[in-house]
Structure formats: structure tokens, C-alpha cells
Amino acid sequence: NMQECLPDADYWVLFKERKSGSHLPFELNESWLNRTPIKNNRSLSALTSLIVYRSLTLRKYDLVISSSHNFSHTVKLPRSRNAKYISYVYTPSRTLWLPSIDKRLKFNDKLDYARPVLQKIDRRFGNHVDSIAAISENVAERIDKFWNRNSIVIYPPVEVENLMKMDKTFLTLPFGKQEYIVSAGRFVEYKNHEDRKSTRLNSSH
């Protein structure tokens, strides 16, 4: 993981989830957003992060690596403007670019008027990034489409050797020989697990 590759690095987050992070073998530095009530509102904290990432710290770095699914790719530190910036992107913000598949923000519909402006800010604030890596081919296509940037695909690591050593007997399904759908992911609305099930059921008639 990143901590093993860069054991002496500083790690920054907007704020820590109090139920997690205590087991980590390294310290997480929190932004000034942690000292405000905004952190209790995920919608506001996500949008405010565009400002926070521009004022995260006054420390000076030669290399800044962001791990981004929302706006952390926009991080640009006041005293590290000559640093090399690298971003590993899980996806450009679905709230801004793909609102039809992710409606978790409470005021998502109200963003319709502001969305074009926020899209320009999101794109412009990431122009300084020197290199972008995408988690998948699909995300690389989004980066090209929405940000007009090239990226390389680096798939998330999988410990294949451990999978090969697993006992396969528990993988045997007890329903006989028939077709199955396997959908893996968090049970959040935009993953559309139910839609996949419905689509398969409809196509079988």
C-alpha cells in the first residue's frame, strides 16, 4: 500500500471518521474543516472541500499524491506550488458529472443551476496535476470526457496468491446448475444492484 511505499510521508484528510482510523499505523492530519460544524453535513463538506484543498497546510512538499473520488485531485498547497502533483482517481465527482446515477447529496436537484460553474471549477482546479492514474478503463474514459485529460490505468491491487489458496468448497452454490448473477459492491443506491437483478429477470422472459 501507499504507506509501505512512502513510510515517511505526511497523510492528510478532510476529517477523520471517529469510528475508523484509530487502527492505522500512521497519523492522519486533519484539515481545518474538522474544526467547523460543516463536517457534519456531507453535502456541504464535499463542496467546501474545493476551498479546503487549496489551504490544507503551510508545510512545504516536493511530491503531493492525492487519492480522489470527489475533489481531492484539486489539492494545491500554498507553499508547494513547484511540487510534482500526482492523483489516483476513483472517479470524477458523480455529483457534478453524473448526477443521474448518484443522487446521495440532499440538494442534488438544486445544483442544476450551479453545476456548469462547479464543473468548470472542478476541471480548472485540477489543471496543475502532472500525472493522473485511473482505477479502471471506465474511469479513464470519464477523465478524458469530463476533464479532457489523459490518464494511465492502475488497477487496485489484489492478493491473487491468497485467493488461489482459499478453500473453494464454500463457493459451491446450493441451487443446482443454472445461471447466476454476481454483483459486488457497496449497498448504496448508485451501485444499482436491484437494477441489474431486474434487467436480468426481464431479459429472461
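**A parallel sheet, its helix, and one buried asparagine**

Let me begin at one pair of residues, with L63 standing opposite K84 in strand 4. What we are looking at is a predicted model, and I will keep to a few features of it.

That pair belongs to the pairing of strand 3, residues 63-68, with strand 4, residues 84-89, where 6 bridges join the two strands and they run parallel. Further along, S66 has S87 of strand 4 as its bridge partner, and S87 in turn stands opposite I132 in strand 5, so that, since strands of a sheet pair through backbone hydrogen bonds, either parallel or antiparallel, we can follow the pairing onward. Strand 4 and strand 5, the latter covering residues 131-134, pair in the parallel sense over 4 bridges.

Taken as a whole, this is an open sheet of 4 strands in the order 3-4-5-6, with parallel pairing. Strand 3 and strand 6, residues 152-153, are the edge strands, each of them pairing on one side only. Packed on the sheet is helix 5, residues 137-147, which touches strand 4, strand 5 and strand 6, and whose direction makes about 135° with that of strand 5.

N34 is placed between strand 2, residues 28-30, and helix 2, residues 42-52. Is N34 buried or exposed? N34 counts as buried, because its relative accessibility is 17% and the cut-off for buried is under 20%. The side chain of N34 also makes a polar contact, at 3.5 Å, with the side chain of E30.

Technical notes. Residues are numbered from 1 along each chain as its sequence is written. This is a predicted model: local features need pLDDT of at least 70, side-chain atom pairs count only at pLDDT 80 or more; totals for chains, interfaces and linings use all residues. Side-chain values use heavy atoms; hydrogens and water are left out. Buried means under 20% relative accessible area, exposed over 50%, partly exposed in between (1.4 Å probe, protein chains only). A polar contact is a pair of N or O atoms within 3.5 Å; within protein, one must be able to donate a hydrogen and the other to accept it, and residues adjacent in sequence count only if both atoms are side-chain atoms. Two strands pair if DSSP finds at least two bridges between them. Contact means heavy atoms within 4.5 Å. Axes are lines fitted to C-alpha atoms, for helices over the stretch in contact, and angles run from 0 to 180 degrees between N-to-C directions.
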